[in-house]
Amino acid sequence: MHRVLCSLVLAPVLLAGCGSAVVNPVSGQSERSVMSEQAEIAEGQKAHKQVLQEYGVVNDARLQAYVNDLGQKLSKLSHRNQLQWHFTLLDSPEINAFALPGGYVYVTRGILAYMDNEADLAGVIGHEIGHVTARHGAQRATREADAGLGVLAATVLGAVLESQGVSGAGRVASQVSQTAASGYIASYGRDQELQADGLGAEYLSRSSYDPRNMINVITVLKNQERFAADQARADGRAPPAQNSWLASHPSNDQRLQMITQLAAKYPVQGKGAYSDEGRARYLQAINGMIFGETADQGLTRGRNFYHAPLGIAITAPGNWKIQNDAAQLTLVNAERDAALVVKTVPAKAGKTHDEVIRTLLKPDQGRTDRLVINGLQATRFVGARNNAQGKAQALEVTLVSGPGNTIFLLSYTAKDAAALLRARRQLQEAEGSFRALTAADRAAARPWVIKTVPYPRGGFAEMARKSPLENAESQLRLINGFYGGGEPRPGQLVKTIDAS
């Protein structure tokens, strides 16, 4: 619900006949391809504008320049240094990085939070450069053309899709945008991922970073998955599927083994050639960077959700989860079979509640009741409409006129009628908490930022006592690379999370 997204529609590449022979810049071998270098660049340029609209960029010229300068350094030593490369830091808490054909590489601020030094970030960027230099997008396009499939323009590496909702017809959470879907459609094959890992290590070595930092990158992200699984088990639910930058990659045990072997083959050329990981520079660069959601995206704080730009807040019932994604806000019950879904209504749908019901819901039958929720005018609608298959679909929604003439749609959704009945009291409780931001809400609606501090003698436990995070000690260990155990040296600079 943090921004209105345009779907990233991946148009088919116009194919010229059956393709032509090109020389792969990495292997030096000839291969048939339906995409020329000019076509790669053109498709990358087109999709780049849509990626920026979809995600937005971090509004920090200094940090953008840091990421771009590091990417340019690596790309100049790559197999396709003649390309005009573009490196962009996206404003997303997702732990993600991906590339488009033609030299467009993206990293999220979410992934930066978990890297420990400049060489680690260089490993992530080098991996993405490797996908472009080895023409993995063009290779996929050629395979799909051979199979008679639609060819995707964007070869998105690993878009995060986190589904907290329910399955089947009642699935409510994380409606998939075209961009997220493309992360699965365009995932690379095992050999391509391993090749990109190897190229990342090679580009690290060429840039005087230790290739073994690729091991650190994979370990850091693997620990992120372990943390998610541990939290799921603590909550009594099944560990989630991989939903990070590693989601489309091969076994991490395979990758760690291969990268360890590859890194050992790079001799250190001169004393201290790989000594500078750039940790001090990196920590200085990310100091003050937002961690997690931004105010523009809406902030989840415990059971409360605050959206300052929209001027609204809502509180989830106990044991319910809040999922804030691009299209909507979803409050999901502990059983994951019912939810309250909150969306903003497009202005074109109507200026009154009755107009919205007619134009947006298009019911075949139903009744309306007028009510007031925390001083806000609201309309309750219960009815039905026929779906595309001609079957009756129940509708149970509440329209609320919020601040700034924005109309909000609050929908009751459940797996079946029995689940809806069980969750009704809590759904009503959540709906009844919908409100315009109070002074107390505004005070709580502050983004969190990364700060660098000397590691205290009391360790992560001492840091956790001052942290706004849930499971603070575990999360602080995670972002500092000590989730599996161990401690930094007292006085060593570490990352903490601070309420700004």
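Modeller: Let us begin with two helices: helix 4 and helix 7 are oblique to each other. This is a predicted model, in which local features need pLDDT of at least 70 and side-chain atom pairs count only at pLDDT 80 or more, while totals for chains, interfaces and linings use all residues. Residues are numbered from 1 along each chain as its sequence is written, and side-chain values use heavy atoms, with hydrogens and water left out.

Colleague: Why are helix 4 and helix 7 called oblique?

Modeller: Helix 4 (residues 118–133) and helix 7 (residues 190–206) pack at about 125 degrees, their axes being 7 Å apart. Angles under 35 degrees count as roughly parallel, over 145 as roughly antiparallel, 65 to 115 as roughly perpendicular and the rest as oblique. The pair is therefore oblique. Helices here are DSSP runs (H or I, at least four residues), as are strands (E, at least two), numbered from the N terminus.

Colleague: Which residues of helix 4 and helix 7 meet?

Modeller: Contact means heavy atoms within 4.5 Å. Among the residues in helix 4 that meet helix 7 are Ala-119, Gly-123 and His-127, and the residues they meet in helix 7 include Ala-196, Leu-199 and Tyr-203. By class, this contact has seven nonpolar, eight polar and two charged residues. Ala, Val, Leu, Ile, Met, Phe, Trp, Tyr, Cys and Pro count as nonpolar, Asp, Glu, Lys and Arg as charged, and the others, Gly among them, as polar.

Colleague: What makes Ala-339 buried?

Modeller: Buried means under 20% relative accessible area, exposed over 50%, and partly exposed in between (1.4 Å probe, protein chains only). Ala-339 has a relative accessible area of 0%, so Ala-339 is buried. Ala-339 lies in strand 12 (residues 338–344). Of the 500 residues of the protein, 53% count as buried.

Colleague: Why is helix 15 described as largely enclosed?

Modeller: Six of the eight residues of helix 15 (residues 472–479) are buried, so the rest of the structure largely encloses this helix. The buried residues include Gln-475 and Ile-479. Among the elements covering them are helix 8 (213–234) and strand 19 (493–499).

Colleague: Which residues have the most contacts inside the largest nonpolar core?

Modeller: They are Val-107, Ile-111, Leu-112, Ile-125 and Phe-291, in a core of 64 residues. A nonpolar core is a set of buried Ala, Val, Leu, Ile, Met, Phe, Trp, Tyr and Cys residues joined through side-chain atoms within 4.5 Å. A second, separate core has 26 residues, including Val-342 and Phe-434.

How values were computed. Axes fitted to C-alpha atoms, helices over the stretch in contact; angles between N-to-C directions.
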